[in-house]
Amino acid sequence: MFGNQIKIKLKREFFERKTLVVARELLGKYLIHRIGTKIISGMITETEAYHGFRDLASHASRGRTKRTEIMFGPAGHAYIYLIYGMYYCLNVVTEREEYPAAVLIRGVEIDQKSNLKNKNFKSKIKIDGPGKLTRHFQIDKNLNGIDVTASRELWIEDRGLRIPSRSIKRTPRIGIDYAGPYKDKKWRFILKP
DNA sequence: CAAGAGATCATCT
DNA sequence: GATGATCTCTTGA
């Protein structure tokens, strides 16, 4: 049986809000990638917000280009790009059209079942880092631009978890030392273990 | 443990 | 031609 677990695909309105709110509220939601009959899923534990024209850490601060176009588009679409020649990063676009913003999904926790001598063990495994995450989820450029609120391939679910604010940590974002006054903004959200 | 470097390429100058 | 919203491995204290 499937039990009575709530599973609600996040709608566009969820992503049309302020980027910092979306980044905060994505913690505890479930990222799902379906490849044929195979499902890869995990609970989101770490995000970062990139928003506005001035945020020097955001690709969009360099202007509207072919690559960043998607960040200026409607909320709920995936923004996926290649970084350092070998890793993909998965973002979801937020806020209104024409305002460039997205949330980078940096970490998830997955359930892993291992079978050892006829005994089933369930364990949680953490995947830290956007590059490792996309590698695990088998996400690449082919999914760039996809509408995560309509897709049956890639989406995000609410399974009814409420995350209290005391279990959330905020820190500056990673890998953006060049971002001047924006490098110290606490726009990274982490679900404490 | 911390620090440094290499991998590797789409995107922008 | 330079660089980056990263990761992994190596070196050295």
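Which residues have the most contacts inside the largest nonpolar core? The legends below take up this question first and then turn to other close-up views of what is a predicted model.

**View 1. The largest nonpolar core.** In this predicted model, the largest nonpolar core has 53 residues, and those with the most contacts inside it are Phe 15, Leu 26, Leu 31, Ile 44, Leu 90, Leu 154 and Ile 156. Strand 6, which runs over residues 101-116, gives the most to this core, with 6 residues.

**View 2. The surroundings of Leu 154.** Leu 154 is one of the residues with the most contacts inside the largest nonpolar core. When its neighbours within four places in sequence are left aside, Leu 154 is in contact with Leu 31, Ile 32, His 33, Ala 78, Leu 90, Ile 139, Leu 143, Ile 146 and Val 148. Among these partners, Leu 31 and Leu 90 are also listed with the most contacts inside the core.

**View 3. Glu 46 in strand 3.** Glu 46 is found in strand 3, which spans residues 38-51, and its relative accessible area is 6%, so Glu 46 counts as buried, the cut-off being under 20%. The side chain of Glu 46 is joined to the side chain of Arg 188 by a polar contact of 2.9 Å. Not counting residues up to four places away in sequence, Glu 46 touches Leu 27, Leu 104, Ile 105, Arg 106, Gly 107, Asp 128, Arg 188, Phe 189 and Ile 190.

**View 4. The buried side of helix 3.** In helix 3, made up of residues 130-137, the buried residues include Pro 130, Gly 131, Leu 133, Thr 134 and Phe 137. These residues lie on the same side of helix 3, because they cover an arc of only 160 degrees around the axis. Helix 3 is followed by Gln 138, whose phi is positive, near 55 degrees.

**View 5. The protein around DNA strand B.** DNA strand B is surrounded by Thr 65, Arg 67, Leu 82, Tyr 84, Gly 85, Met 86 and Lys 141, and of the atoms of DNA strand B that come within 4 Å of the protein, sugar and phosphate account for 69%. By class, the surface near DNA strand B has 3 nonpolar, 2 polar and 2 charged residues.

**View 6. Individual atom pairs at DNA strand B.** An N or O atom in the side chain of Thr 65 is 2.2 Å from a phosphate oxygen of DNA strand B, while a polar side-chain atom of Arg 67 lies 3.5 Å from a sugar or linking oxygen of DNA strand B. At Tyr 84, a backbone N or O atom lies 2.6 Å from a base oxygen of DNA strand B.

Notes: Residues numbered from 1 in each chain as written. Chains lettered and ligands numbered in written order. Predicted model: local features only at pLDDT ≥ 70, side-chain atom pairs only at ≥ 80, totals over all residues. Heavy atoms only, no water. Near = heavy atom within 4 Å. Polar contact = N/O pair within 3.5 Å; in protein donor to acceptor, adjacent residues only side chain to side chain. Nonpolar A, V, L, I, M, F, W, Y, C, P; charged D, E, K, R; others polar. Core = buried A, V, L, I, M, F, W, Y, C linked by side-chain atoms within 4.5 Å. Buried < 20%, exposed > 50% of the residue type's maximum accessible area, 1.4 Å probe, protein only. Helix = DSSP H or I, 4+ residues; strand = E, 2+ residues; numbered from the N terminus. Contact = heavy atoms within 4.5 Å. Arc of directions from axis to C-beta.
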